[in-house]
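Work through the exercises below with the sequence and the coordinates open. Each task is followed by a stepwise solution.

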Amino acid sequence: RTAVRTLPTNSDGTIPIELLEDHIITEAEDDVHAGHTAAVFLENTHNGLGGKVLPMNYVKQVRELCDRRKVPLHCDGARSWNAAVALGLPLSDVLAPFDTASICLSKGLGAPVGSMIVGPAPFIARARKIRKMLGGGMRQAGIVAAGALYALDHILPRMHEDHDMAKALYKGIVDQVKIPAIEPQSNIVVFAVSDDNKKRDAFVKQCDERGLRMVGWLGKGSVRAVTHYGN
């Protein structure tokens, strides 16, 4: 059994190092009132804050903290491809500070289906064992892998176009429509159309009727738009 504890973030998606350290409890501390910290998770890009990209120097600071406290560091990296493109780095460099990571083949890349976990060989072997125990696995999965391979070869090199579209959408919203929005660092644009969720929902419905799909988002009247190669 596990318990998850979330911590508040700064506006750039980072968790203050001091706050993070205060909430790590190791076996050496042996606090009978709390469970031991099994891992620290960072999300990159940060979904709730509109696709914010974690700075590499910050990730390295968290890595140093985890090394000092002997706690594994995991990347919730469903959109880590976008983080890599935004930073101008190979994905391997973006994930290098982490012990393990989860990455998505459909978000951003646009493959039909699929996510993966990456990490050391013993970790992957244990994950496969647990997957089997839970009834997971898929036969004839090559057709799924083929879509992912195509996306890596043909969509990943164009991912910067998604980011450019997000910037253009943001500029139009702020400069022409004159409503507040979070400036995108990747391919997510969050903006507020009203302080009333009913009006927001009506706006989303009207957009959908015109073939423009967005979703209501966190906060009153907020909308999230995600640009991708199919736009």
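Helices here are DSSP runs of H or I with at least four residues, strands are runs of E with at least two, and both are numbered from the N terminus. The model is predicted.

**Exercise 1. Backbone exceptions**

Task: Find the cis peptide bond and state which loop holds Thr 45.

Solution. 
Step 1. The cis bond joins Asn 44 and Thr 45, with omega at about 5°.
Step 2. Thr 45 belongs to the loop between β1 and α2.

Solution. 
Step 3. Exposed means over 50% relative accessible area.

**Exercise 2. Helix α5 and its surroundings**

Task: Compare the span of α5 with the expected value, then decide whether the helix lies largely in the open or is largely buried.

Solution. 
Step 1. The helix covers residues 121–133.
Step 2. Its 13 residues reach 19 Å from the first C-alpha to the last, close to the 18 Å expected at 1.5 Å a residue.
Step 3. Buried means under 20% relative accessible area. Of the 13 residues of α5, one is buried, so the helix lies largely in the open.
Step 4. Just after α5, Gly 135 has a positive phi of about 85°.

Task: Name the residues of the nonpolar surface patch that includes Ile 130.

Solution. 
Step 1. The patch is formed by Ile 130, Met 133 and Leu 134, which together have about 360 Å² of accessible area.
Step 2. Ile 130 is part of α5.

**Exercise 3. Nonpolar cores**

Task: Describe the largest nonpolar core and the contacts of Val 40.

Solution. 
Step 1. The largest core has 31 residues, and Val 40, Leu 42 and Val 62 have the most contacts inside it.
Step 2. Elements that each supply at least two residues of this core include α1 (17–22), β1 (40–43), β2 (73–77), β3 (100–104) and α6 (142–154).
Step 3. Helix α2 gives the most to this core, with five residues.
Step 4. Leaving out residues up to four places away in sequence, Val 40 touches Leu 20, Ile 24, Val 62, Cys 66, Val 71, Pro 72, Leu 73 and His 74.
Step 5. A second, separate core has ten residues, among them Ile 173, Val 189, Met 214 and Val 223.
Step 6. As background, nonpolar side chains tend to be buried together in soluble globular proteins.

**Exercise 4. Salt bridges**

Task: State how many salt bridges the whole structure has.

Solution. 
Step 1. A search of the whole structure gives nine.

Task: Examine the pair Asp 99 and Arg 63.

Solution. 
Step 1. The closest N and O atoms of this salt bridge are 3.0 Å apart.
Step 2. The pair links distant parts of the chain, 36 residues apart: Asp 99 is in the loop between α4 and β3, and Arg 63 is in helix α2.
Step 3. Asp 99 is partly exposed at 32% relative accessibility, whereas Arg 63 is buried at 15%.

Task: Examine the pair Lys 171 and Asp 175, and explain why about one helical turn separates them.

Solution. 
Step 1. The closest N and O atoms of this salt bridge are 2.8 Å apart.
Step 2. Both residues lie in helix α7 (residues 159–177), and about one turn separates them because they are four residues apart.
Step 3. Lys 171 is exposed, with a relative accessible area of 52%, and Asp 175 is partly exposed, with 36%.

Task: Which residues are linked with Glu 21 in a network of salt bridges?

Solution. 
Step 1. Arg 68 and Arg 69 are linked with Glu 21 in this network.

Terms used:
Residues numbered from 1 in each chain as written. Predicted model: local features only at pLDDT ≥ 70, side-chain atom pairs only at ≥ 80, totals over all residues. Heavy atoms only, no water. Patch = residues over 30% accessible without salt bridge, like charges linked within 9 Å, V, L, I, M, F, W, Y side chains within 5 Å. Areas by Shrake-Rupley, 256 points an atom, 1.4 Å probe, with all protein chains shown as cover. Salt bridge = Lys/Arg side-chain N within 4 Å of Asp/Glu carboxyl O. Expected span 1.5 Å × (residues − 1). Buried < 20%, exposed > 50% of the residue type's maximum accessible area, 1.4 Å probe, protein only. Core = buried A, V, L, I, M, F, W, Y, C linked by side-chain atoms within 4.5 Å. Contact = heavy atoms within 4.5 Å.
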